[in-house]
Amino acid sequence: MISYLQIEGLTKSFGHHLLLEDVSFGIAQGQKIALLAPNGSGKTTLLNIIAGKEDFDSGSLVFRNGLRTGYLEQSPTYLPGLTVMQAVMQNQPPGDSELKAKQILTQLNLADTDRLVDELSGGQLKRLALAAVLLTEPELLLLDEPTNHLDLGMTEWLENYLSRQNISILMVTHDRYFLDRVCNEIIEIDHRRLYRYKGNYSHYLEKRQERADARNAETERAANLLRKELEWMRRQPQARATKARYRVDAFYELQQKARRQRTDDAVNLSVKSAYIGSKIFEAVGVSKRFGDVRIVEDFNYTFARYEKMGITGNNGAGKSTFIRMLTGEIAPDSGHFDIGETVRFGYYSQDGLRFDEQLKVIDVVQDIAEFVDMGDGRKLGVSQFLNHFLFPPEKQHNYVARLSGGEKRRLYLCTVLMRNPNFLLLDEPTNDLDILTLNILEEYLCNFRGCLIVISHDRYFMDKVVDHLLVFRGNADIKDFPGNYTQYRQWQEVQNLPTSSPAPLHKKGEQESGTREGTKTAVRRLTFKESRELETLEIEIPQLEAEKASLETSMSSGLLNNEQLLAQSRRIALLIDEIDVKTLRWLELSDC
């Protein structure tokens, strides 16, 4: 393979803080590499160094002569007053490239090229930056959180586009479906050490677990040896022979190895939620529009206790407006929300990062409370609480201005959860969070004894957390779907399948009134066999879900050996597939 970039011994520090140390790896033609690491460990800094936007302390970067490199930054900005076309053509020669720019912008739903960039939303700015990068036809593409602010349809478009292109990629992303389907190699930075995994995200998870198992086994062996050596050291002979010195040195090496932290840092989000009554909220005839754009029209909905709802849809369809109406920030044009007396909202907003940058991390949290109620009688001081959120003591006394984007998001999440809400409203909570934090947040939300509404373009996150969706399809068209995002996409595909045979004829009387322009809609009745199949599915699906839940509980008990864990993990994978297939069939039959 042709080498595009070789990095050797790269080191970067900010003051006394060592961020990257002796980093070495290469990128060759056709490689699509994802870079995984916790927030604040230097992922964006590394991309900025490769793109020539930041310097470094030592090491070397060697590019292939004439290599075309493109960089999609995490939060692109443009000079005010530019039109969309002017912005995308900033670094392009005039001529044929303008026609190509129009084609790319149209594909990215930015056909109005005379619109000012000042008027664009976050998602539109991201698409504009993406168009500008793709227009340069890069051979090496650097992507920093490429799916942030993109709606699900655009994320899938980008996923398919990059998968098909013969282009080398180095990306930072928390979108696990995206990196699983686009990348063929993963580089992980763990405690400043670099680990490479050939394969996609699923393969990485398997190999990383093997590495963790081997590491834990090594630690256990070190602990056993340490106990024997400790007995010898405690005898403290009056005169040590020189030949015994190696045993003393070996003891200290073992001691360091055995005491080394071998478990991944984790965010502990087991915060107590306040009691929530049986009455949650009810939307009664709610309507809202902005000019000619309808958001909701005569919308009615009763929210159930402990419900976990996902809201999805294209940018601009009104998802955030709906939540802001619920919190009272925006008033509906007509109708109202009837909120239960015990409801205590915790609202995580897309643009809620409004910290005083000159405050220290610990001061931000102390302004809210002196301690946090963790439930079961436990109360934590704010310093202990921050430590649970991966803010160790030295980080707590850093100024907010020194935090990475992901660390600021994590701090914001901390300020929302520490108020003990019983109804969480989360608007794009996954943006900029690392995968480890997402794993723990997902686990917390699955176990959250309260209600949840979450807007997210992260398909993996939605699949794990929500039990049904409100899909905003534009112009006040809202679909209530009983399932997660992947199930919804499967259902969509089934609905869009062309029929190869003519519609069946119906006897007189087998029609009911339609809902569009007074037309009549034919209703196909289930055959006897299909009715029996539907009844069977309604019994089988809960049984499969119960088996899956039982296996998940067993796997988290800590009582299984590796063989048992692997066997149960394989069974869960089969169950998930079977549940998806049967649920899809149930949806088909239920629509008849």
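How many cavities of 30 Å³ or more does the rule give? I got one cavity at that cut-off. My rule: on a 1 Å grid over the protein atoms alone, a cavity is a set of points where a 1.4 Å probe fits but cannot get out.

Housekeeping: I'm working from a predicted model, where local features need pLDDT of at least 70, side-chain atom pairs count only at pLDDT 80 or more, and totals for chains, interfaces and linings use all residues. Residues are numbered from 1 along each chain as its sequence is written, and side-chain values use heavy atoms, with hydrogens and water left out.

I noted a volume of about 50 Å³ for the largest cavity, taken as the space filled by probe spheres set on the points, with points joined across faces, edges and corners. Its lining (an atom within 4 Å of a point) includes Thr147, Asn148, His149, Glu428 and Asp458. By class I have seven polar, three charged and no nonpolar residues there; Asp, Glu, Lys and Arg count as charged.

Next, the sheet. I find three strands (DSSP E runs of at least two residues) in an open sheet, order S2-S1-S4, with antiparallel pairing (at least two bridges by DSSP). S2 (17-28) and S4 (58-63) are the edge strands, each pairing on one side only. I logged an average twist of 15° from one strand to the next.

S1 (residues 3-14) pairs with S4 over five bridges; in S4, Val62 is the bridge partner of Gln6.

Last, helix H1 (residues 43-50; helices are H or I runs of at least four residues) lies across S1, S2 and S4. I have H1 at about 125° to S1, with axes fitted to C-alpha atoms and angles running from 0 to 180 degrees between N-to-C directions.

How values were computed
Contact = heavy atoms within 4.5 Å. 1 Å grid on protein atoms, 1.4 Å probe; cavity = no way out; pocket = protein on both sides within 12 Å on 5 of 7 lines; lining within 4 Å.
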